[in-house]
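Subject: Handover of a structure for your review

Dear colleague,

Please find the structure below. A written account of the findings follows it.

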Amino acid sequence: MIEKIGIIGSGTMGSGIAQVAATAGCKVSLYDSKREALQRAEQSLLKILDRLIEKGRISSEEKQRIHGNISYVETLDALSDSEMLIEAIIEDLEVKQELFQKLQKIVSKKTIFASNTSSLSIASIASVLKSPKRCIGIHFFNPAPLMKLVEIVPAVQTSEKTLKIAIDTIEVWGKTVAVVKDTPGFIVNRVARPFYGESLRIFEEGIANVATIDWAMKSLGGFRMGPFELMDFIGNDINYTVTETVFEAFYYDPRYKPSFTQKRLAEAGYLGRKTAKGFYNYKEGAVNPEADENVGLAQKIFDRVLVMLINEAADALFWRIASAEDIDNAMTKGVNYPKGLLAWADEKGIDWCVTKLDELYDEYREDRYRCSPMLRRMNKEQKTFF
Ligand code: NAI
């Protein structure tokens with residue numbers, strides 16, 4: 001078992017990953033190029049641990065143990081005895097490559113190099129290493145201590161041994177692993193796109209206002225947040241950028257086309273909760289759109305978004321991005337979907353999915369609405385996913 005972990009970048013993700021590893025009993029060295037970031041990480045961890053004590057989840061000895069497992073270090077040399085490195089620094093390929101190049105001169109020849117990148121290819125990060133077979137993607141979700149899912153992404157260069165060590169380590173840390181091919185958006189950021197994109201499109205077509213679409217997805221689908229509430233929560237700048245990155249990375253496949261509505265909000269600085277204005281206005285006393293609680297309309301909205309999500313999940317399976325189990329686990333454990341999308345497809349019936357998609361395709365004649373060959377083939381063979 002891996003005992004010594006080096007984490008680089010002590011921001012949102014790095015500090016959360018450090019907490020997870022330290023709680024599981026690893027010795028963690030947490031490094032950041034900014035001293036203030038390290039100090040902030042330590043203060044915030046102590047606060048989190050105190051809150052866990054208040055809630056009765058951990059004892060004060062447990063707090064001391066977890067805190068004692070993390071050293072906040074100010075040089076890369078202090079990471080020299082790490083058996084595994086996880087970088088969670090700025091999302092910039094050259095900066096990540098430069099960091100790994102420096103680190104390979106410091107650590108042992110056995111050390112595993114993991115990246116928490118959301119959007120860069122692991123192959124490109126690994127390519128700068130003398131031994132790229134020891135590089136892998138280990139993608140946590142925010143907040144890392146709470147979200148169960150971790151996507152593990154072997155690059156073309158990654159060895160079976162590295163993959164096995166990464167899976168074993170993350171499972172020992174109490175997480176659910178989904179193994180996914182090194183492709184844009186991995187599972188979650190790819191399969192979740194229609195939740196936002198199709199909802200934005202329904203809004204842009206004037207079919208319903210944002211409150212009605214949110215209401216439809218929550219009341220009929222059981223989603224914890226509606227798409228517009230969620231985009232405001234994530235930040236329209238961040239959510240837009242993820243969509244744009246995935247769209248470009250898929251050679252402009254129209255399924256992932258970003259929305260002008262969201263782009264304009266981002267440009268205007270209407271980022272959502274963090275600026276108190278996005279699709280909704282969060283200032284006290286602000287007037288917001290009201291949901292039209294018309295069940296027939298809600299059903300149409302929900303069916304359209306759901307079938308586009310199912311299509312995306314089925315297509316990820318078609319292209320062998322991950323297994324059916326991992327695709328469903330990723331959505332329930334990475335973004336808290338009420339059900340796995342492939343299980344949902346079985347429940348609705350594959351025939352229902354194909355018919356709904358073909359109706360959309362017939363109406364719009366856009367490639368965006370093409371039904372995945374996976375669904376069509378399964379329908380012909382009268383198969384189910386599980
Ligand atoms: P953040 O901005 O909160 O933290 C990044 C930290 O890295 C900062 O403290 C910064 O001082 C430090 N840093 C930057 N360049 C550095 C360098 N060359 N050497 C050492 N430290 C450096 O960023 P966040 O959100 O934690 O993201 C980190 C990584 O995790 C990115 O690759 C991001 O794509 C990925 N990620 C982010 C998620 C999120 O929801 N925020 C979810 C999953 C992955």
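In which loop does Y252 have its place? Y252 sits in the loop between α11 (236-249) and α12 (260-268); helices are DSSP runs of H or I with at least four residues, strands are runs of E with at least two, and both are numbered from the N terminus. Although Y252 is not a glycine, its phi is positive, at about 60 degrees.

Please note that this is a predicted model, in which local features need pLDDT of at least 70 and side-chain atom pairs count only at pLDDT 80 or more, while totals for chains, interfaces and linings use all residues. Residues are numbered from 1 along each chain as its sequence is written, and side-chain values use heavy atoms, with hydrogens and water left out.

Domains and their interface

The protein chain falls into domain 1 (4-179) and domain 2 (190-381), with bounds taken from an automatic or database domain assignment. Their C-alpha centres are 31 Å apart. Nine residues from domain 1 and 10 residues from domain 2 take part in the contact, which means heavy atoms within 4.5 Å.

Between domain 1 and domain 2, about 690 Å² is buried, and carbon and sulfur atoms give 63% of this area. Buried area here is the accessible area (1.4 Å probe) that two parts lose on being put together, summed over both. On the side of domain 1, M147, L149 and V179 lose the most area to domain 2, together 50% of what that side buries.

Strand β8 (residues 176-179) supplies four residues, the largest share of the side of domain 1 that touches domain 2.

Ligand surroundings

There are 22 residues around the ligand, and T12, M13, D32, E91 and K96 come nearest; a residue counts as near if one of its heavy atoms lies within 4 Å. Oxygen atoms of the ligand lie 3.0 Å from a backbone N or O atom of T12, 2.6 Å from a side-chain N or O atom of D32 and 2.8 Å from a polar side-chain atom of K96.

Other local features

The structure holds 24 salt bridges. One of them joins the side chains of R65 and E62 (3.2 Å, N to O); both residues lie in helix α3 (residues 60-68), three residues apart, about one turn of the helix. A cis peptide bond links N142 and P143, with omega at about 0 degrees, and P143 lies in the loop between β6 (135-140) and β7 (149-154).

Yours sincerely

Terms used
A polar contact is a pair of N or O atoms within 3.5 Å; within protein, one must be able to donate a hydrogen and the other to accept it, and residues adjacent in sequence count only if both atoms are side-chain atoms. A salt bridge is a side-chain nitrogen of Lys or Arg within 4 Å of a carboxyl oxygen of Asp or Glu.
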